[in-house]
Amino acid sequence: MSKLSLVGKTALVTGGASGIGRAIARELASAGAAVIIVDMDTLGEQTAQELRDQDQQAVFIQTDISKREQIVHAVDIAIASFGSLDILINNAGIYPRGLLEETDEELWDRVISTNLKGSYLACQAALPHLQKKGGSIIILGSSHAEIGLPELFAYSVSKGGLLTMTRNLASALAMYRIRVNCVNPGWVATDKEIKERAANGQSVEWLIETGKSLPLGRMQTEEDTSAMVHFLVSDQATQITGQFIHVDGGRSVYQGIQDNSLHANDTVIIE
Ligand SMILES: NC(=O)c1ccc[n+]([C@@H]2O[C@H](COP(=O)([O-])OP(=O)(O)OC[C@H]3O[C@@H](n4cnc5c(N)ncnc54)[C@H](O)[C@@H]3O)[C@@H](O)[C@H]2O)c1
């Protein structure tokens with residue numbers, strides 16, 4: 001059997017109803033995992049049905065991950081349905097914009113409760129099951145954990161906390177052969193991103209053109225991230241833990257302002 005096979009494993013994916021989480025649910029199910037899709041949005045049932053229609057194993061459980069009893073219930077259903085839990089994908093997240101001075105307590109609490117507390121609750125609920133035979137936790141991170149984007153204040157702080165959570169748990173849980181890694185998806189044109197940009201007067205064509213200025217020449221796709229997540233949770237990656245992996249087309253290491261005009265005339269003028 002290929003080391004990328006996930007046959008016999010059960011994966012719980014938070015925020016699996018749409019966007020990157022849905023792509024991860026599809027990828028892990030197609031590799032043979034039984035998938036529990038956990039989301040507040042009932043669109044998750046559609047994703048689960050799509051997978052079952054392809055003879056893959058999937059159930060949807062409507063869950064608010066910021067509520068302890070709901071995520072514990074989802075883990076209980078995973079065990080009752082498939083007998084074990086081997087993989088936890090902490091993907092659900094929200095990214096409302098706001099500078100420090102625009103961030104009221106309601107926005108702060110909402111972002112921290114979903115992004116940071118939700119992942120803590122999910123890790124805690126999953127732990128006794130992952131401890132039984134080892135497993136893998138993936139946390140969806142962001143470059144904003146490490147670099148400043150002023151208008152994403154609460155979001156950036158939550159992702160900074162998640163990076164610390166990754167490193168802390170990687171070291172604490174290695175003794176159980178539980179690996180914990182953080183994946184930054186880069187800049188992905190999810191349905192939500194496309195809708196939000198459209199509301200801001202920015203078309204899909206604008207997104208595509210802007211993507212061309214990134215080091216590797218395009219925006220990332222949901223599948224770029226799901227492929228990395230698949231690799232990390234598989235037996236190909238049994239010695240990788242505590243890492244922050246950027247699937248961002250080189251953006252995180254690019255130090256300059258992208259100016260493609262230099263390629264056109266090969267002339268640099270320094271005044
Ligand atoms: N899209 C990007 O460019 C990008 C970049 C960096 C990081 N990320 C991260 O990737 C993850 C997925 O992002 P996305 O763009 O696919 O988002 P999305 O909005 O398309 O999907 C997020 C999903 O999470 C669900 N969700 C939100 N709050 C929840 C809650 N309390 N309980 C259960 N489900 C909840 C939503 O219903 C939705 O289905 C997030 O953690 C995000 O921060 C995304």
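1. Let's start with D55, which sits in the loop between α2 (43–53) and β3 (58–62). Helices here are DSSP runs of H or I with at least four residues, strands are runs of E with at least two, and both are numbered from the N terminus. The phi of D55 is near 60°, a positive value in a residue other than glycine. D55 is exposed, at a relative accessible area of 76%. As for the terms, buried means under 20% relative accessible area, exposed over 50%, and partly exposed in between, with a 1.4 Å probe and protein chains only.

2. A word on what you are looking at: this is a predicted model, in which local features need pLDDT of at least 70 and side-chain atom pairs count only at pLDDT 80 or more, while totals for chains, interfaces and linings use all residues. Residues are numbered from 1 along each chain as its sequence is written, and side-chain values use heavy atoms, with hydrogens and water left out.

3. Next, the ligand. It is surrounded by 27 residues, the closest being S18, D39, N91, Y95 and Y155; a residue counts as near when one of its heavy atoms lies within 4 Å. By class, this shell holds 12 nonpolar, 10 polar and five charged residues. In that scheme Ala, Val, Leu, Ile, Met, Phe, Trp, Tyr, Cys and Pro are nonpolar, Asp, Glu, Lys and Arg are charged, and the others, Gly among them, are polar.

4. Which atoms does the ligand meet? One of its oxygen atoms is 2.6 Å from an N or O atom in the side chain of D39, and an oxygen atom of the ligand is 2.8 Å from a polar backbone atom of I20. A ligand nitrogen atom is 3.4 Å from a polar backbone atom of T63. Taken alone the ligand exposes 820 Å², and the protein buries 93% of that (areas by the Shrake-Rupley method with a 1.4 Å probe). The elements giving two or more residues to the shell are α1 (19–30) and α5 (153–173).

5. Do look at R177 too, in the loop between α5 and β6 (178–184). R177 is not a glycine, yet its phi is positive, at about 60°. R177 is exposed, with a relative accessible area of 64%.

6. β5 (135–140) and β6 each supply at least two residues of the lining, which divides into four nonpolar, six polar and six charged residues.

7. Finally, some pairs that are apart in sequence. T166, in helix α5, is buried at 0% relative accessibility, and its C-alpha is 5.8 Å from that of V180, 14 residues away in sequence. A174, in the loop between α5 and β6, is partly exposed at 32%; the C-alpha atoms of A174 and T241 are separated by 8.1 Å, with the two residues 67 apart along the chain.

Note on methods. Polar contact = N/O pair within 3.5 Å; in protein donor to acceptor, adjacent residues only side chain to side chain.
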